[in-house]
Amino acid sequence: MGKRSRNRKTVATSDYSDDEGNVLTLRHSDAKVPGAHASAAASADDLLARRSEIRFERYVVRWVIAGLPLEKQKELLARYRMADRATQEWVQRTIDRHLESA
């Protein structure tokens with residue numbers, strides 16, 4: 001079957017805004033987040049970064065930055081990767097807060 005003929009169920013989401021008015025939309029899910037694959041060459045920082053990206057991919061549905069909505073998974077992850085450290089930390093704190101309230 002083609003993509004258009006699939007019935008996709010809607011998922012409950014919540015919006016979170018930062019001080020600059022950017023909006024991060026997170027999905028509600030009780031699925032367990034898989035751990036990052038640890039290779040012998042991976043440092044602790046590498047594992048932490050990959051874990052953060054896995055959480056980001058699992059929960060972020062939409063991110064509106066300066067009025068530009070990003071909804072495709074590739075675009076979202078690319079924008080997260082090029083965000084400054086403070087923005088990445090805000091995203092992770094927001095995901096933590098979202099999970100605590102669920």
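Let's start at serine 52, which is buried, with a relative accessible area of 12%; it counts as buried because the cut-off is under 20%. The model you are looking at is predicted, and serine 52 has its place in helix H1. Setting aside neighbours within four places in sequence, serine 52 is in contact with Tyr80 and Gln92.

Two packed helices are described by the angle between their axes and the distance between the axes. Here, the axes of H1 and H2 come within 10 Å and cross at roughly 140°, and the crossing is right-handed. From H1, the contact is made by Arg50, Ser52, Glu53, Phe56 and Glu57, which meet Gln73, Leu76, Leu77, Tyr80 and Arg81 of H2. Sorted by class, this contact has 4 nonpolar, 2 polar and 4 charged residues.

Phe56 takes us from that contact into the largest nonpolar core, which has 15 residues. Those with the most contacts inside this core are Leu24, Leu26, Phe56, Val60, Trp63 and Val91. Two or more residues each come from strand S2 (23-27), helix H1 (44-59), strand S3 (60-65), helix H2 (73-82) and helix H3 (85-101).

Beyond its neighbours within four places in sequence, tryptophan 63 is in contact with a list of residues including Leu24, Phe56, Leu76, Tyr80, Trp90 and Val91.

How far does the predictor trust all this? The protein chain averages a pLDDT of 87, and 83% of the residues score at least 70. Confidence is lowest in H1, at a mean of 87, and highest in S2, at 97.

Conventions
Residues numbered from 1 in each chain as written. Predicted model: local features only at pLDDT ≥ 70, side-chain atom pairs only at ≥ 80, totals over all residues. Heavy atoms only, no water. Core = buried A, V, L, I, M, F, W, Y, C linked by side-chain atoms within 4.5 Å. Buried < 20%, exposed > 50% of the residue type's maximum accessible area, 1.4 Å probe, protein only. Helix = DSSP H or I, 4+ residues; strand = E, 2+ residues; numbered from the N terminus. Contact = heavy atoms within 4.5 Å. pLDDT = per-residue confidence, 0-100. Axes fitted to C-alpha atoms, helices over the stretch in contact; angles between N-to-C directions. Left-handed = near helix turned anticlockwise from the far one by under 90°. Nonpolar A, V, L, I, M, F, W, Y, C, P; charged D, E, K, R; others polar.
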